[in-house]
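Visitor: I would like a close look at a single part of this model. Please take me through it step by step.

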Amino acid sequence: MNTLLIPELGKFALILALSVSLVQIIFPLWGAERNIIPYMKLARITALMQAALMSISFFTLAYAFISDDFSVRYVAENSNSQLPLIYRFAAVWGAHEGSLLLWVYLLTLWMAAVSLFSKHIPLVMLSRILAVLSMIAAGFYLFLLLTSDPFARLLPNIPLNGRDLNPLLQDPGLVIHPPMLYMGYVGFSVAFAFVIAALMSGRLDSAWARWSRPWTLIAWCFLTYGIVAGSWWAYRELGWGGWWFWDPVENASFLPWLAGTALIHSLIVTEKRNAFKAWTAFLAICCFSLSLLGTFLVRSGVLISVHAFATDPHRGEFLLAFLMLVIGGSLALYAWRARTLKTELHDFNFYSREAMLLSNNIILFVAMLTVLLGTLYPLLMDELGLAKLSVGYPYFNAVFVPLMIPLFFLMGVAPWCHWRQTEPRILKAPLIKMLILVCVLALALPWIAGVKLHLMVFIMLALAFWIAFNSLAQIKRRSLTHWGMVTAHIGVAITVIGITLSTAYSEQRNLSMVVGDSVLVGPYQFRLESLNDMIGPNYHGVVATMRVEKNHQLVEFLHPEQRIFNVSKTAKANTAIRASLFSDIYVALGTPLEKEAWSLRIYYKPFVRWIWLGGLFMILGGIFALVGKRRK
Amino acid sequence: MHPKRKLKLYWIIALMLGSAAIVSLVLYSLKQNINLYLTPSQIQSAHLKPEQLIRVGGLVVKGSVYHYPDSIKQRFVLTDNKQNLTVIYEGILPSLFREGQGIIAEGRIDSSGVLVASEVLAKHDEEYRPPNITADIL
């Protein structure tokens with residue numbers, strides 16, 4: 001075959017996938033209404049067909065990148081023949097068109113998985129679920145084909161070389177972060193489709209929660225991993241040592257995570273107690289709507305951010321209309337059918353597990369709303385023409401942290417509570433003992449370490465110990481799902497410790513240095529030994545050699561770089577980090593100053609690894625819960 | 001009152017108090033932490049309160065960057081091609097900071113009309129222009 005035709009194959013597969021998705025909407029829904037079995041069964045096959053077609057489409061684009069086919073406009077704009085192979089592959093999702101192609105490709109994979117692993121779900125229900133998923137896919141196919149065709153060609157004037165991938169994206173982070181994040185976003189569509197299908201049939205029982213819980217857990221694990229990887233990437237890449245900036249794009253991924261965390265908890269109540277059904281259904285709708293909103297915020301270009309590349313207003317309009325349709329449509333259906341979800345509420349007292357999970361949901365939901373407000377407020381003001389403004393991170397810290405304190409407190413109480421009711425008297429003695437223990441520990445540990453104790457450090461440390469010890473105190477019930485809860489909650493405690501200690505005890509110096517200068521940061525002595533020119537595969541630049549000593553003993557040589565990319569002529573700092581479990585040393589080369597001097601950032605960051613380590617524990621907890629459920 | 005109803009009433013009161021507290025906390029912090037986004041020519045007419053944190057977007061005037069010796073302090077001029085604004089920043093400029101490039105500086109205007117920046121943000125794309133500027137220049 002003429003190689004010039006290969007990208008057309010990808011586009012053709014995309015168009016075919018759109019046609020198949022329409023079939024998968026019409027026939028299964030009709031079949032479910034009229035009870036025509038072959039029509040319903042069709043959905044299982046078409047779901048697999050869509051996944052196959054999208055695999056062809058996706059890998060065709062990947063092939064265009066790897067084979068440097070600059071006749072494809074998207075490749076010419078985001079790749080270059082000098083670009084290392086791994087980034088040429090990852091560049092597929094390095095910009096707008098390809099990342100949406102990845103989004104919908106992952107959706108078809110989820111759809112195929114639902115079709116394959118749901119033998120126990122009644123056919124009527126399954127066909128509706130697959131039809132709903134197909135509606136979402138159809139929306140994205142149309143979006144790609146109408147406004148952002150990744151296979152658009154530059155014929156006959158093929159550029160000799162490409163404009164290169166955005167240097168900020170040339171990092172291992174690009175290979176993991178977006179696909180994981182999208183797996184999470186898209187994964188919440190399954191829980192959403194379950195709810196919509198159940199609302200259509202007017203029957204939402206605990207079986208629905210039992211089916212959708214594993215899917216939601218998997219999606220949540222992926223999203224957690226995506227966020228952790230993104231935070232770690234920002235820390236390494238952006239060169240100012242932060243791991244979370246309350247940037248609108250970060251918030252876009254955090255919003256569905258907060259709603260999703262609430263959802264995996266309320267699903268437990270719905271499954272085990274057949275309660276909170278309407279609320280759980282609402283959360284599932286919210287969760288997916290927020291995932292779509294996240295995609296919209298990042299991909300529409302309404303945000304000024306490193307992440308926002310799309311600037312074509314039609315794209316924003318299409319996504320906004322699609323968002324309105326999905327959210328409006330599902331909420332209308334919800335309002336119309338929610339009455340059928342009413343349950344006779346079992347009595348439960350304040351110390352019951354139901355009440356604990358309800359409080360968890362309320363706090364997480366309120367926290368989500370405050371973040372949403374801070375994220376959308378500048379957009380609304382701008383759209384209404386009132387003012388151009390931004391909401392700074394102090395807002396988020398001021399509202400988010402106080403909300404977390406009661407949440408963390410209740411996380412320690414919850415493991416002691418039983419379903420329906422717990423006698424407060426039984427709780428009192430062990431909890432008071434525990435409270436004394438964690439307060440003593442939170443006072444003693446900083447004292448032993450010989451650092452100044454701040455009030456916030458004391459509160460947060462005590463809460464972290466409170467969460468961890470209370471979770472561990474109740475491991476008499478040794479089911480794997482229970483271990484899942486314990487592990488995930490300990491993960492939260494680890495992250496809280498990491499955030500608290502790295503925030504309180506980090507040391508930072510921004511300074512101008514010439515070769516031979518030394519500076520003391522934290523317990524470490526840094527000496528700038530040399531500055532040398534260097535040449536990389538698609539960049540050139542300067543590399544510094546920094547000698548790090550502690551108590552006059554050599555610890556390590558660090559080599560921060562300042563790279564200038566050949567094609568785009570943009571500069572990027574490559575940080576040098578010595579990572580260890582209890583502290584990081586972090587050096588970033590800034591910009592050249594007068595007379596051979598360079599500006600440098602040097603950080604000493606204790607416990608910063610724990611922030612991400614806690615995230616990994618949460619994921620592990622999710623996996624335990626998942627495997628534990630399958631065993632039963 | 002029936003004890004069950006009484007409990008319900010307590011719940012409702014607690015919820016209302018809780019949400020009132022949260023709403024006021026949220027609105028208060030939002031009001032405290034809004035950074036207005038302006039261009040150099042909008043500053044004069046903006047009636048800023050003293051010490052108000054603002055963000056100014058503009059292009060770095062060619063040849064205006066001055067590094068103070070033996071420090072990481074620098075001075076440069078931002079323009080929207082109508083008005084100029086001098087910025088003083090003690091800190092490390094982003095790698096993408098270049099003369100002629102669009103940047104955003106966050107800080108406060110001092111008594112002499114100079115922006116004392118606490119943060120300078122540069123955007124990655126060389127074709128990038130801060131919002132407003134694009135509309136105003138092109």
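Visitor: In what order do the four strands of the open sheet in chain A lie, and is the pairing parallel or antiparallel?

Guide: The order is β2-β11-β10-β9 in chain A, and the pairing is antiparallel. Strands here are DSSP runs of E with at least two residues, helices are runs of H or I with at least four, and both are numbered from the N terminus. Two strands pair if DSSP finds at least two bridges between them. Strands of a sheet pair through backbone hydrogen bonds, either parallel or antiparallel.

A word on the source. This is a predicted model: local features need pLDDT of at least 70, side-chain atom pairs count only at pLDDT 80 or more, and totals for chains, interfaces and linings use all residues. Residues are numbered from 1 along each chain as its sequence is written, while chains are lettered from A and ligands numbered from 1 in the order in which they are written.

Back to the sheet, a four-strand open one. Its edge strands in chain A are β2 (507-513) and β9 (576-579), and each pairs on one side only. From one strand to the next, the twist averages 10 degrees. (Axes are lines fitted to C-alpha atoms, for helices over the stretch in contact; angles run from 0 to 180 degrees between N-to-C directions.)

Now take one pair. In chain A, β10 (residues 583-592) and β11 (residues 598-606) run antiparallel, joined by eight bridges. Ile585(A) has Tyr604(A) in β11(A) as its bridge partner.

Last, the setting. Domain 4 of chain A spans 507-607.

Note on methods. Domains from an automatic or database assignment.
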